[in-house]
Amino acid sequence: MSRPFFTSIIENHNHTAYDLDILPPQVGLDGGAFDSYGTLVGMPNEKKALELLRRAAFICMPIMRHHGWELPALYELCACSNCWGITHFLDHQPINSRGRPIQSRKHAFFLLRVRSVRDPYVFLSMDNIVQTLLHEMAHLEFRWHFDGFYRVNAQLHDELLHEVSSGFLQGKVEQHEIPQQFHRHGEIFQAMRKEIQDVFGKRIPNAVQ
């Protein structure tokens, strides 16, 4: 059995990485959708950060299984970041003729913020973390924030509500742990406007927010 190890998955930020096989099974955590987790080294209460990542993974696990998504890592994103989450696509990810990623088991990993930007001792609510995770999951279908992306994002949200009300998650997840509202029209417009500028004005990056 391996031990936690240090890794630098994002430049200038070190993580304590935990392979799934070293973590003791706990009810309501994990689910097998991610092979490993990572918490930021030197931040207070890494244990709590790890628990939040594992809980979010469990909540979204039925949806990821339904779509056949199994990813190598779910890591903590620094609260100093200007975004809530990042999907980092691996260099070998294949793209189809329409410019959309061809699904494979290990073509991307996620980073999520779990702490308040003002106080690293204060953690975000689970519904906030889950909403970000759903957002990053939608990037597995559409890299950019165009209309197709938001349709998939809304679909994933509906699937989660169904799982909680009458599916696998019934009785296992509380209503306050899942997002009740999604993106406002103004937020969607601003995101799409920025993406158009990025797509037509710059080289396509390996990571999206």
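Predicted model: local features only at pLDDT ≥ 70, side-chain atom pairs only at ≥ 80, totals over all residues.
**Entry 1: confidence.** The mean pLDDT of the protein is 82, and 72% of the residues reach 70 or more. Among the elements, α1 has the highest mean pLDDT, at 96, while strand β1 (residues 5-10) has the lowest, at 52.

In one of them, aspartate 30 and arginine 54 meet through their side chains, with 2.6 Å from N to O. Because aspartate 30 sits in the loop between β2 (13-19) and β3 (36-40) and arginine 54 in helix α1 (residues 46-67), this pair ties together parts that are 24 residues apart in sequence.

In another, the side chains of arginine 55 and glutamate 177 form a salt bridge at 2.8 Å, N to O. Arginine 55 belongs to helix α1 and glutamate 177 to the loop between α3 (147-166) and α4 (185-201), so here the parts tied together are 122 residues apart in sequence. Arginine 55 and glutamate 177 are buried.

**Entry 2: the course of α1.** I then followed helix α1 itself, where 16 of the 22 residues are buried, so that the helix is mostly covered. Its 22 residues should span 32 Å at 1.5 Å a residue, and the end C-alpha atoms are 30 Å apart, which agrees. Where does α1 bend? I found a bend of about 50° at cysteine 60, with proline 62 following within four residues. Just after α1, glycine 68 takes a positive phi of about 75°.

Entry 3: Aspartate 147 forms a salt bridge with arginine 151, and their closest N and O atoms are 3.3 Å apart. These two residues are four apart in helix α3, so about one helical turn separates them. Are they buried or exposed? Aspartate 147 is partly exposed, with a relative accessible area of 47%, whereas arginine 151 is exposed at 54%.

I also listed buried residues of α3, among them Gly148, Phe149, Tyr150 and Val152. For the length of α3, the 20 residues should span 28 Å at 1.5 Å a residue, and the end C-alpha atoms are 29 Å apart, which agrees.

How values were computed: Residues numbered from 1 in each chain as written. Heavy atoms only, no water. Salt bridge = Lys/Arg side-chain N within 4 Å of Asp/Glu carboxyl O. Buried < 20%, exposed > 50% of the residue type's maximum accessible area, 1.4 Å probe, protein only. Expected span 1.5 Å × (residues − 1). pLDDT = per-residue confidence, 0-100. Bend = angle between axes of the 7 residues up to and from the residue.
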